[in-house]
Amino acid sequence: MITASHPRAEGGGLSGLLLVALPVALLIWLVLWPVLQAVVGTVYFPGKGFSLSSYAFFFTDAYSLRNLWLTLWVTALTSALRVAVAMPIALYLRFRSGSIAALVQSLALFPLFVPSVLVAYAFIRVLGPNGIVDTVLVALGLPKLPTPYLTPAGPIIGLVWERLPLTLLLLLSGLGRVSIASVDAARDLGAGGLTIFSRIILPRIQSSIIVALAFNVLGLFSAFTLPYLLGPASPEMMGPYMQRTFSDNADPLNATTQAVITFAFCAAFGLVYVRAIARGRRGPA
Amino acid sequence: MTDLAVLSGAGKRVRRAAVDWTGIAFLAGLAVVILLPLIVTAVWAFAEVWRFPAIVPQRMGLGYWQDTLSRNDVWTALWLSLGITTTVTAISAAICFPAAYAFARLDFPGRNLLFLAFLSVQAFPKFGLIVATATIFLTLHLVGTFWGVVLIQLVGTLLYMIWIPVSAFQGVDRRLEEAARDVGATPMRVFWSITLPQALPTLFAAILITFVSTFYETDAAWLIGLPNVRTMPMVMISFINNALEVQYGAVLFVFLWVPSFLLMLAARRVMGADAFARGLGG
């Protein structure tokens with residue numbers, strides 16, 4: 001994990017513990033305790049004993065299942081699209097340099113600095129009804145676009161846009177492990193682009209793709225703002241569904257059950273992700 | 001990740017190679033997909049009349065700036081947002097920086113385990129965590145209160161406010177500290193005169209990231225804050241949902257982007273792109 005740069009650290013086990021006490025207390029109170037409470041509180045009811053009824057309800061309720069299913073396929077599609085869009089840019093940036101490449105990189109990273117509320121608003125102005133895309137189409141004498149606003153395509157487009165930079169950075173860090181010499185050597189031996197990609201590049205960046213995938217799954221299972229603002233009212237992704245169950249239906253038990261279900265679906269990905277960041281952290285760079 | 005730096009640095013080395021058509025194609029595509037939506041929305045903020053299907057606004061002007069910025073809900077939300085954000089950032093820095101110092105420099109029992117605990121928060125989908133915490137806040141009557149929002153947003157800042165400063169404190173040159181101590185400086189003096197100044201730029205970066213990301217935070221503010229605590233992003237969302245005049249939202253769009261723009265300028269100076277990627281586990 002974090003190795004002390006000097007083994008003879010300034011000692012003081014007690015002062016160390018005191019210094020970390022407050023954030024640790026906050027972590028226990030506002031993360032570990034709620035998670036524990038959520039898991040236990042949805043299966044054990046004081047005075048009534050154990051019951052899985054809220055889970056039974058979720059997994060037999062057609063609407064809940066449709067929402068879960070929507071979340072799963074939006075997650076799969078969005079993750080695939082993010083990698084598909086970011087990969088060509090990452091490959092280009094890895095093997096090209098120059099002022100144009102630098103510009104491409106800045107542009108591709110730009111969405112890092114556009115908060116999601118603003119993304120949602122810009123989306124509506126561009127792809128919404130009578131947005132700029134419609135304006136241009138009409139000016140060209142073409143029919144208007146069937147707008148993706150308030151359809152499942154809406155959040156997917158928004159979510160791909162918003163997270164393009166992070167996917168790109170993850171892929172670039174993986175591509176850093178691919179030596180240009182090995183690619184050149186393969187090319188000299190007559191390997192085509194596809195062979196080089198699948199035989200030389202892909203094996204080296206596998207772990208980055210897995211981390212990107214884990215990161216995507218975690219993010220999409222808790223996506224809220226963009227699906228809420230750009231997606232259909234029904235079915236809805238797990239984020240908006242939890243919010244509506246909690247706030248509009250004032251039903252914390254079922255909202256917490258839904259939360260625990262998202263924890264369960266993300267558990268494996270969460271483990272992969274935390275392992276990767278813990279590895280990346282080891283020792284000062 | 002050093003390759004990113006190499007890539008951007010390589011721009012200076014003029015290559016007499018063929019024209020980079022691939023790059024130009026990427027550039028054109030990204031300009032349309034990334035920049036155009038933002039530019040179109042920004043133009044809306046300065047359009048007094050823009051009726052479909054005109055390509056450009058019929059009349060430009062600052063009329064809607066006056067209208068939007070004289071709305072009470074906008075100013076109430078702005079002061080509230082700045083209040084919450086400042087409180088969160090200040091508390092976070094006060095409790096996390098000392099902890100980061102301890103994680104980086106002191107040896108205490110359970111150090112690795114506790115640090116791993118902070119990382120493991122990342123293994124949960126965030127919105128589920130917010131819902132779980134909100135359920136507890138219900139019983140504590142913290143839902144819909146200023147402090148409820150502060151607490152939930154504070155938790156969201158813990159990881160980065162510990163993590164980024166840990167590397168800052170680890171990066172401090174130990175030989176300078178030892179030299180100062182050799183000439184008789186007290187440990188406190190060494191910390192204030194040697195350690196802190198070296199770590200300061202990174203600490204400042206952590207504060208900036210925390211401030212800006214808290215300012216824009218919507219998920220927790222929505223679930224815990226509404227309906228009583230309406231932060232700035234919530235006003236933006238109500239403008240989107242209630243479909244008021246397009247320009248209200250557009251003016252707010254430009255206005256709200258300012259903090260992010262400042263962060264972007266700072267990011268170019270203080271942080272390399274690799275810091276982001278390493279933070280993500282790249």
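At what angle do the axes of helix 3 (residues 62-95) of chain A and helix 4 (residues 99-109) of chain A cross? In this predicted model, in which local features need pLDDT of at least 70, side-chain atom pairs count only at pLDDT 80 or more, and totals for chains, interfaces and linings use all residues, the two axes cross at roughly 145° and come within 10 Å. Residues are numbered from 1 along each chain as its sequence is written, while chains are lettered from A and ligands numbered from 1 in the order in which they are written.

Two packed helices are described by the angle between their axes and the distance between the axes. Axes are lines fitted to C-alpha atoms, for helices over the stretch in contact, and angles run from 0 to 180 degrees between N-to-C directions. Helix 3 of chain A passes helix 4 of chain A in a left-handed crossing; a crossing is left-handed if the near helix is turned anticlockwise from the far one by less than a right angle, and right-handed if clockwise. Helix 3 of chain A contributes I89(A), Y92(A) and L93(A) to this contact, and helix 4 of chain A contributes A101(A), V104(A), Q105(A) and A108(A). Two residues are in contact if their C-beta atoms, placed from the backbone, lie within 7 Å. Six of the residues in this contact are nonpolar, one is polar and none is charged. In this classification Ala, Val, Leu, Ile, Met, Phe, Trp, Tyr, Cys and Pro count as nonpolar, Asp, Glu, Lys and Arg as charged, and the others, Gly among them, as polar.

Helix 3 of chain A also packs against helix 7 (residues 153-175) of chain A, where the axes come within 7 Å and cross at roughly 45°. Helix 3 and helix 7 of chain A are therefore oblique to each other; angles under 35 degrees count as roughly parallel, over 145 as roughly antiparallel, 65 to 115 as roughly perpendicular and the rest as oblique. The crossing of helix 3 of chain A with helix 7 of chain A is right-handed. Its contact comprises 19 nonpolar, two polar and three charged residues.

Chain A as a whole contains twelve helices and two strands. Helices (H or I, at least four residues) and strands (E, at least two) are DSSP runs, numbered from the N terminus. Along the sequence, the elements of chain A follow the pattern α-β-β-α-α-α-α-α-α-α-α-α-α-α. Taken along the principal axes, the C-alpha atoms of chain A fill a box of roughly 75 × 70 × 30 Å.

In chain A, the peptide bond from S234(A) to P235(A) is cis, with omega near -10°, and P235(A) is found in the loop between helix 10 (225-230) and helix 11 (238-248) of chain A. In chain B, a cis peptide bond joins L226(B) and P227(B), with omega about 0°; P227(B) is found in the loop between helix 10 (219-225) and helix 11 (232-241) of chain B. L150(A), although not a glycine, has a positive phi of about 65° and lies in the loop between helix 6 (132-139) and helix 7 of chain A.

The domain assignment of chain B, which is automatic or taken from a database, gives domain 1 (17-61) and domain 2 (69-279). The centres of these two domains of chain B, taken over C-alpha atoms, are separated by 33 Å. Five residues of domain 1 of chain B are in contact with six residues of domain 2 of chain B. On the domain 1 side, helix 2 of chain B gives the most, with four residues, and the classes on that side are four nonpolar, one polar and no charged residues.

The contact between the chains takes 96 residues from chain B and 99 residues from chain A. Helix 2 (residues 21-45) of chain B gives the most to the side of chain B that touches chain A, with 14 residues. That side of chain B has 67 nonpolar, 19 polar and ten charged residues. Between the chains, helix 1 (residues 13-41) of chain A and helix 4 (residues 72-105) of chain B pack at an angle of about 140°, with their axes 8 Å apart. This makes helix 1 of chain A oblique to helix 4 of chain B. The crossing of helix 1 of chain A with helix 4 of chain B is left-handed.
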